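User: I'd like to go through this one bit by bit, with questions as we go. Let's get it on screen.

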Amino acid sequence: MKKTSTRLADGRELVYYDVRGGHGAAERDAVDRRPLDAVATASEIRHDPLLGEWVAVTAHRQARTYHPPADECPLCPSRDGRMTEIPAEDYEVAVFENRFPSLAGPPGPAAAEDGTGLFLRAPGAGRCEVVCFTSDHEASFADLTEERAALVLDAWTDRTAELSALPGVRQVFCFENRGREIGVTLGHPHGQIYAYPFVTPRTGRLLRSAAAHRERTGGNLFDDVVEAERADGRRVVLETGHWTAFVPHAARWPYEVHLYPRRRVPDMTELQADARADFPGVYLELLRRFDRIFGPGEPPTPYISGWHQAPLGPDGGRDWAGRADFALHLELFTIRRTSGKLKYLAGSESGMGVFINDVPPETAAQRLREVASR
């Protein structure tokens with residue numbers, strides 16, 4: 001992999017990732033000549049004392065780009081005199097700081113708004129990046145070659161290492177939202193990376209469950225769940241020597257797959273070479289199966305795909321006790337429950353956090369095995 005870091009006209013970082021010796025890998029010296037003003041953010045985080053969770057408040061994001069026509073896409077290469085977020089005429093994988101970030105800047109102390117100490121707020125510190133998987137506007141991740149998918153994994157890994165080293169960052173989340181139904185506002189194949197200044201609520205719950213399981217059984221919760229799914233077999237979708245993909249026993253979404261490396265590691269920076277080499281084929285196969293779930297002639301399946309990585313310690317350290325029990329894994333799910341129908345998070349889900357799934361996990365797993373590539 002060849003990595004080239006540069007700056008956009010407003011000072012944001014842009015990083016190109018190329019397969020060494022690949023097209024355009026020798027030089028990445030195109031200059032962003034747009035007359036851009038400096039990025040101004042108004043992000044803050046506020047603490048919910050009832051749930052013990054942080055909420056980001058980001059008024060500046062109301063002005064972000066919203067469903068531009070394809071010939072005005074800001075993620076395409078800069079060609080024929082039209083300048084975009086990517087100054088190069090072509091690229092393989094590109095990562096840049098989001099112009100409308102949910103989190104940005106250095107950390108700062110939390111301050112109470114009142115004498116009770118209930119209303120805490122702090123700077124919305126951290127960083128948000130955009131990951132462009134390909135310069136082809138009409139493609140999707142499932143269309144990538146295994147070589148390109150491996151390059152994306154390299155980029156995710158490098159960004160995880162870089163962002164984890166920033167002051168105040170507690171957790172790095174690499175994810176892709178795909179499809180208008182999900183809420184995507186740019187059609188170009190891309191994902192995002194969030195560097196949070198706190199441990200996210202979902203990860204906090206996973207850590208507490210893992211700690212309780214360790215105390216009760218002496219075992220690792222993630223290892224035990226994966227082995228139990230493998231032993232049961234009904235919900236296993238795909239398995240290789242280095243990865244296991246299954247629909248979880250209590251899946252929340254109509255079609256939901258969790259993908260684990262066979263050897264537990266806390267984050268992508270510690271993923272072993274054999275698992276890294278095996279990943280592109282496994283992941284591309286899963287994405288292609290998702291597009292076949294509802295049969296021929298159906299539109300592409302909307303999905304969310306995200307890497308769950310171990311958080312860092314309060315001081316940014318990697319020797320934090322919570323990391324040792326955590327298992328890197330990817331969660332992939334769609335909100336489409338059947339042809340032409342979506343799963344909405346209505347009263348029970350949104351109001352009380354109790355999911356109601358219309359598709360039995362065993363049925364979902366069977367369907368995902370039926371649509372395997374021939």
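User: What is the relative accessible area of arginine 79?

Analyst: Quick ground rules: this is a predicted model, so local features need pLDDT of at least 70 and side-chain atom pairs count only at pLDDT 80 or more, while totals for chains, interfaces and linings use all residues. Residues are numbered from 1 along each chain as its sequence is written, and side-chain values use heavy atoms, with hydrogens and water left out. Buried means under 20% relative accessible area and exposed over 50%, with partly exposed in between (1.4 Å probe, protein chains only). Arginine 79 lands in the partly exposed class, at 41%.

User: Which residue forms a salt bridge with arginine 79?

Analyst: A salt bridge here is a side-chain nitrogen of Lys or Arg within 4 Å of a carboxyl oxygen of Asp or Glu, and arginine 79 makes one to aspartate 90 with the closest N and O atoms 3.6 Å apart. Both residues lie in the loop between β4 and β5, so the pair ties together parts that are 11 residues apart in sequence. Helices (H or I, at least four residues) and strands (E, at least two) are DSSP runs, by the way, numbered from the N terminus.

User: How many residues apart in sequence are lysine 3 and glutamate 162?

Analyst: There are 37 salt bridges in the structure, and these two form one, with 3.2 Å between the closest N and O atoms. Lysine 3 comes from strand β1 and glutamate 162 from helix α1 (residues 146-164), so the bridge ties together parts of the chain at a separation of 159 residues.

User: Where does arginine 127 sit, and is it buried or exposed?

Analyst: Its side chain meets that of glutamate 13 in a salt bridge (2.6 Å, N to O). That links distant parts of the chain, 114 residues apart: glutamate 13 is in strand β2 (residues 13-18) and arginine 127 in strand β8 (residues 127-132). Glutamate 13 is buried too. So the place is strand β8, and at 13% relative accessibility arginine 127 counts as buried.

User: Which residue has a side chain joined to that of arginine 127 by a polar contact of 2.8 Å?

Analyst: A polar contact is a pair of N or O atoms within 3.5 Å; within protein, one must be able to donate a hydrogen and the other to accept it, and residues adjacent in sequence count only if both atoms are side-chain atoms. Leaving out residues up to four places away in sequence, arginine 127 touches (heavy atoms within 4.5 Å) a set including Glu97, Arg159, Leu163 and Tyr194. The 2.8 Å polar contact goes to glutamate 129.

User: Which strands stand at the edges of the open sheet?

Analyst: The sheet has 11 strands in the order β1-β2-β5-β8-β10-β9-β14-β15-β13-β12-β11, with antiparallel pairing; strands pair if DSSP finds at least two bridges between them. Each edge strand has a single partner, so one side of it is left without a neighbour in the sheet, and these are β1 (2-7) and β11 (236-239).

User: Which residue of β13 is the bridge partner of threonine 244?

Analyst: Strands β12 (residues 243-246) and β13 (residues 255-261) run antiparallel and are joined by 4 bridges. Threonine 244 is paired with tyrosine 260.

User: At roughly what angle do the axes of α2 and α3 cross?

Analyst: Axes are lines fitted to C-alpha atoms, for helices over the stretch in contact, and angles run from 0 to 180 degrees between N-to-C directions. Under 35 degrees counts as roughly parallel, over 145 as roughly antiparallel, 65 to 115 as roughly perpendicular and the rest as oblique. α2 and α3 are roughly perpendicular to each other. Their axes come within 8 Å and cross at roughly 85°.

User: What is the phi of histidine 67?

Analyst: Most residues other than glycine have a negative phi. Histidine 67, in the loop between β4 (53-58) and β5 (93-97), is partly exposed at 23%. Aspartate 80 in that loop has a positive phi near 55°. Histidine 67 isn't a glycine, yet its phi is positive, about 45°.

User: Which side chain is joined to that of threonine 200 by a polar contact?

Analyst: Threonine 200 is in the loop between β10 (190-196) and α2 (201-217). It's buried, with a relative accessible area of 12%. The contact spans 2.9 Å and reaches threonine 203.
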